[in-house]
Amino acid sequence: MSSVKVTDLTKDYLIRDGLRRRRMRAVNKVSFELTPGRTVALVGESGSGKSTIAKLLTRLERPTSGTIDVLTDDGARVAGSAYRREVQMVFQDPFASLNPFHSVAHHIARPLRLHKRTQDAASTRSEVLAMLERVNLTPAEEMAERRPHELSGGQRQRVAIARALAPGAQVLIADEPVSMLDVSIRLGVLNLLGRLQRESRLAVLYITHDLATARHFSDDILVLHHGRVVERGPADAVILDPHHDYTKLLALSAPDPNRLGGVVRSTAPDRDAIDDSVCYDHHLGDWVPSGTQEVAA
Amino acid sequence: MTTSTPTDPPRPTGASVADSTLIAQESPAAPTAITGPGGPIAGPPPTPPPTPAAVPPAQPRRRGWRSLLPTMTPWLALGLTLVGLITLFGLIGPFLVGDPDTIRDIGLAGPTGENILGTTQTGQDVFSQLAFATRGSLQIGLIVGVLATVLSAFFGIYGAYLGGFADEAFSLLSNVFLVIPGLPLVIVISGFVPPESRGLWTIALVLALTSWAASARVLRAQTLSVRQRDYVSASQLSGERPWRVIVVEILPNLLPVLASQFVYAVIAAILGEAGLSFLGLGASNSSTLGTMLFYAQNGFALPLGAWWWFVPPGLIIALFGMGLSLINFSIDEIIDPRLKNARNARRLARTRKES
């Protein structure tokens with residue numbers, strides 16, 4: 001078991017604009033915690049900084065300031081190559097996240113060998129097959145020899161999940177894991193993630209722009225706008241009782257069969273008047289300046 | 001690049017029996033004579049089915065390494081045959097012919113039974129010279145091809161993968177080498193190095209140094225695109241070392257580009273060396289197709305009408321270049337599948353017109 005503590009995470013990108021350079025703040029003082037067995041959903045529109053947070057957590061990018069601490073049960077910080085073992089990621093696009101040149105077995109065997117989960121070829125093979133069966137890819141023997149182009153999107157995403165879990169990851173970042181999949185198989189993949197989470201008590205960060213699956217799948221929700229957290233709290237509270245204008249706008253923009261006539265413009269919050277500087281915290285039941293850390297309830 | 005794979009479907013241009021059987025399996029209206037009960041294929045020649053090849057046979061899926069092999073087409077077969085025959089001639093020929101330097105008193109004799117390609121001004125056998133010269137040219141081509149490919153792969157792929165300062169430095173270097181005019185530089189260097197130390201390797205090194213830059217730029221662009229893909233991030237995420245990410249995850253996706261550049265480098269090297277040797281700046285005491293042309297020129301082969309002296313080496317250079325180019329076109333189809341689709345569409349249109 002391990003948990004993640006993110007404090008005041010900030011990421012700036014340098015943008016070259018002709019000769020001038022300016023800074024673009026993608027993530028602005030975001031703080032949250034991931035604990036074993038719980039799912040935190042990160043909700044926001046494109047460009048709100050969701051994927052940047054995923055890249056920072058997986059150490060594909062370095063934060064400009066702020067800290068990310070992965071702590072084991074006895075409170076020790078995880079560092080170095082152990083970090084790669086603990087924190088793994090499922091990418092958004094299953095058609096881009098598997099190397100077209102390699103077999104399914106290769107994708108799962110490499111992390112196993114890298115993190116010394118298995119010692120020899122035979123045990124690697126049996127562990128690969130066990131991983132495939134864990135993500136419901138059967139017959140495993142046949143699936144292991146296939147190449148990515150011979151699999152459907154849902155099957156590919158299952159391979160990607162198996163690859164992420166292969167090193168023995170305790171923290172899973174799921175960056176819009178179902179947004180590229182057919183609607184009919186989304187639930188299957190989400191339920192698989194849920195089952196794996198219960199089985200190994202994973203800490204999951206679920207990144208999405210879909211409020212419905214966020215409510216279905218997660219315990220807590222953080223709403224992100226322009227790199228700042230503007231609303232946070234238990235999933236049901238955030239969805240059913242949104243306080244921040246941006247959250248209300250998000251909720252209204254989801255299609256609702258009871259509202260087929262479209263949103264009544266006068267009741268929708270004004271997009272340009274959204275105030276990023278405050279954050280509604282459902283745990284506290286009050287507004288706080290965004291960027292201040294959540295106080296443990 | 002080898003020839004056809006077992007999974008290759010029969011082509012319309014291939015053996016006609018294989019074609020008919022394939023179509024017969026697809027169309028129920030085909031005559032039963034081919035697969036009759038107990039009846040072997042022998043017997044009446046298979047009659048063409050009513051709608052001959054209206055639909056080109058579906059390509060079976062190719063896996064892994066096989067998917068890197070080009071599709072067998074008549075042009076590729078021609079290219080492979082030309083290159084194969086000339087290579088074989090260069091490899092085996094020198095052991096079968098006599099000494100190319102033996103001087104006899106039958107100067108400038110046309111082709112006869114004894115000297116099948118005639119003799120030079122000093123009575124040397126042109127055919128023996130041709131065998132040794134082909135070997136020399138192939139040696140140069142292979143050495144330069146390997147060297148230039150390795151250099152371009154290192155500067156192109158490694159620089160693009162590292163990014164940042166290393167990438168800037170490597171692309172500056174390849175840009176500088178790109179604008180250096182190749183042949184004049186080669187001429188200057190070859191003229192500068194004294195003939196006695198101007199060996200095969202010196203010439204090969206000079207040719208390789210002036211020819212890797214363009215390929216490096218192409219490889220850099222490709223690597224920059226592949227490096228962005230999620231599967232590269234995923235393998236970095238699982239803790240793969242950089243060299244493994246490059247060699248195992250990125251390089252296989254660049255293999256067709258590398259192969260095509262290797263082939264091109266071989267052509268360029270053979271032509272470049274021939275040009276240098278023709279100017280008398282080639283490797284000393286080596287025998288290549290270029291030196292043959294040089295001596296033919298010096299011996300007034302053209303004014304004297306001794307076509308058997310200068311046509312064979314010129315023809316071998318031309319045919320080898322053509323063969324390699326044909327192979328390269330087929331490799332291009334792997335890099336850009338739209339070319340293959342265009343070819344299939346042309347074939348479809350042709351068969352429609354015929355039927």
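Modeller: Before anything else, a helix here is a DSSP run of H or I, at least four residues, and a strand is a run of E, at least two, both numbered from the N terminus. With that, residues 4–251 of chain A come out as 39% helix and 28% strand, and the end C-alpha atoms of the span lie 28 Å apart. This is a predicted model, so local features need pLDDT of at least 70 and side-chain atom pairs count only at pLDDT 80 or more, while totals for chains, interfaces and linings use all residues. Residues are numbered from 1 along each chain as its sequence is written, and chains are lettered from A and ligands numbered from 1 in the order in which they are written.

Colleague: What makes residues 4–251 of chain A a span to pick out?

Modeller: That comes from a record: an unreviewed UniProt entry places "domain: ABC transporter" there. UniProt positions are given in the numbering used here, feature names are shortened, and annotations may be inferred rather than shown by experiment.

Colleague: How do you know what radius of gyration a compact globule of 297 residues would have, and what does chain A have?

Modeller: The rule is 2.2 Å times the number of residues to the power 0.38, and the radius is taken over C-alpha atoms. For chain A the rule gives a value near 19 Å and the model has 20 Å, which agrees. Its C-alpha atoms fill a box of roughly 65 × 50 × 45 Å along the principal axes. Chain A holds ten helices and eleven strands, and 41% of its 297 residues are buried.

Colleague: Why is B:F294 called buried?

Modeller: Buried means 20 or more other C-beta atoms within 10 Å of a residue's own, exposed means 12 or fewer, and partly exposed is in between, with C-beta atoms placed from the backbone. B:F294 has 20 other C-beta atoms within 10 Å, so it is buried. B:F294 sits in helix α11 (residues 289–298) of chain B. Leaving aside neighbours within four places in sequence, it is in contact (C-beta atoms, placed from the backbone, within 7 Å) with B:S277, B:F278 and B:G280.

Colleague: How do you know that the buried residues of α10(A) line one face?

Modeller: The buried ones in this helix, residues 245–253, are A:Y246, A:T247 and A:L250. Down the axis of α10(A) they fall within an arc of 100° (the arc of the directions from the helix axis to the C-beta atoms), so they line one face. An α-helix has 3.6 residues a turn, so residues three or four places apart point the same way. The buried residues of α10(A) pack against β3, α8, β8, β9 and α9 of chain A.

Colleague: Why is α6(A) described as largely enclosed?

Modeller: Eleven of its 13 residues are buried, so the rest of the structure largely encloses it. Among them are A:Q155, A:R156, A:I161 and A:L165. The packing partners of these buried residues include β5, α3 and α4 of chain A, together with α8 (230–237) of chain B.

Colleague: What should α6(A) span at 1.5 Å a residue?

Modeller: The expected span is 1.5 Å times one less than the number of residues. For α6(A), residues 153–165, that gives 18 Å, and the end C-alpha atoms are 18 Å apart, which agrees.

Colleague: Which residues have the most contacts inside the largest nonpolar core?

Modeller: They are A:V43, A:L205 and A:V223, in a core of 144 residues. Such a core is a set of buried Ala, Val, Leu, Ile, Met, Phe, Trp, Tyr and Cys residues joined through C-beta atoms within 7 Å. Its largest share, 15 residues, comes from α3(B). Beyond four places in sequence, A:V43 touches residues including A:L211, A:V223 and A:L250.

Colleague: How many helices and strands does the secondary structure of chain B come to?

Modeller: Chain B has 13 helices and zero strands. Of its 355 residues, 36% are buried. An unreviewed UniProt entry marks "transmembrane region" at stretches including 75–97 and 138–160 of chain B. Residues 75–97 are 96% helix with end C-alpha atoms 31 Å apart, and residues 138–160 are 100% helix with ends 32 Å apart.

Definitions and conventions
Two residues are in contact if their C-beta atoms, placed from the backbone, lie within 7 Å.
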